[in-house]
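Q: I have a chain to look at before group meeting. Can you walk me through it?
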Amino acid sequence: MCGFAAGCKKESAPGPDVWAVVNGKEIPRSEVDKYYRTRVNADAPAPSQEEALSLKLSILDELINNEILIEQATKANLVATDAEVEDKFTESKSPYTEEEFQKKLKDTGLSVDDLKGDIRRQLSVQKLLNREVVAKISITDQDVTNFYEKNRSQFNVAEPQFHIAQIVVTTHPDPSVHNRKNDKATNDVEAKRKVAVLEQKLASGADFGQLAMDYSEDSTGSTGGDLGFIPESSLNKSDPLLKKTVLAMKSGEVTQPIGVANQGYRILKLIAKEPAGQRDLADPQVQQTIRDTLRNRKEQLLRSAYMIDARDKAHVTNNLASQIIESKGMLPK
């Protein structure tokens, strides 16, 4: 019993700017506000008070989950190393010039240390989930067969489909699109010169997907230019020359650069051509599609279960939620 003894201390309540406490670790309002600024479009109308609070609650919930998972990763000795963080940071920075990168930091209000901290958390959490979730997923041949039998109609292709990848070179670069070499043409002369270099690289055996990631000037570059499977009817909406070219191609073939009106040039690769009709279970593509579907479903379920279990075992206090309830939805001052 405490009585009047000197030094008897009562644990002090967190200050108003502490918006959550996770196993004794405080998450300050400033941390939520920092990430809130990166989620709000400065050029769009300001969100309403309710929209702003909902977004901040969501961000705080993410930070709480991250703190729980980082604690788990630390206990399991799975925290990303400095070298891993530096490698990922260099990779994420590579598509930008130094000027573009500094502008990006200024626009988001984040520092280099903030970015590296985010990278460390992401890599550490991924290591943890790979061990605790992904490694426990097993898809059997019987699972694949059962899925196919229950979903046979999904594998009946109504029309021919073309699996296409592309490398795009524009004459009017999109400032929001970046490639790994930060290489963009700014006019038709530069575009022609660039596609000629790409032709030489392809002729020398360079990998199409890698070239797309390095040099393509559209959003598909990050995935190696992969457009996925395109039904024949969708080709009717494209440039007539593109449609004619695709229909005449053989699997594995790469085109010469194709000029597209007001869009620059495209180099296409036909990865595969699929005729219409029922796909058999023995088809490797069908097998892979089913395995990917089942794996994604299980991973999503196990991730959710793991997070719920980890959160149930943690001691979490969400002060922002309490403040919102007490103030009847008013934004904390």
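A: One term to begin with: buried means under 20% relative accessible area, exposed means over 50%, and partly exposed is in between, with a 1.4 Å probe and protein chains only. This is a predicted model, where local features need pLDDT of at least 70, side-chain atom pairs count only at pLDDT 80 or more, and totals for chains, interfaces and linings use all residues. Residues are numbered from 1 along each chain as its sequence is written, and side-chain values use heavy atoms, with hydrogens and water left out.

Q: OK. Which residues of the pair F89 and F101 are buried?
A: Both F89 and F101 are buried.

Q: How are their rings arranged, and why is the pair called edge-to-face?
A: The ring centres of F89 and F101 are 5.9 Å apart and the planes are at 75°, so the pair counts as edge-to-face. Rings of Phe, Tyr and Trp (its six-membered ring) pair if their centres lie within 6.5 Å; planes under 30 degrees apart are stacked, over 60 edge-to-face, and the rest tilted.

Q: Where do the two sit?
A: F89 is in helix α3 (residues 82-93) and F101 is in helix α4 (residues 98-108), 12 residues apart. Helices (H or I, at least four residues) and strands (E, at least two) are DSSP runs, numbered from the N terminus.

Q: How many helices and strands does the chain have?
A: The chain has 11 helices and 9 strands.

Q: Different topic. What share of the residues is buried?
A: Buried residues are 35% of the 333 in the chain.

Q: And what box do the C-alpha atoms fill?
A: Roughly 90 × 55 × 40 Å, along the principal axes.
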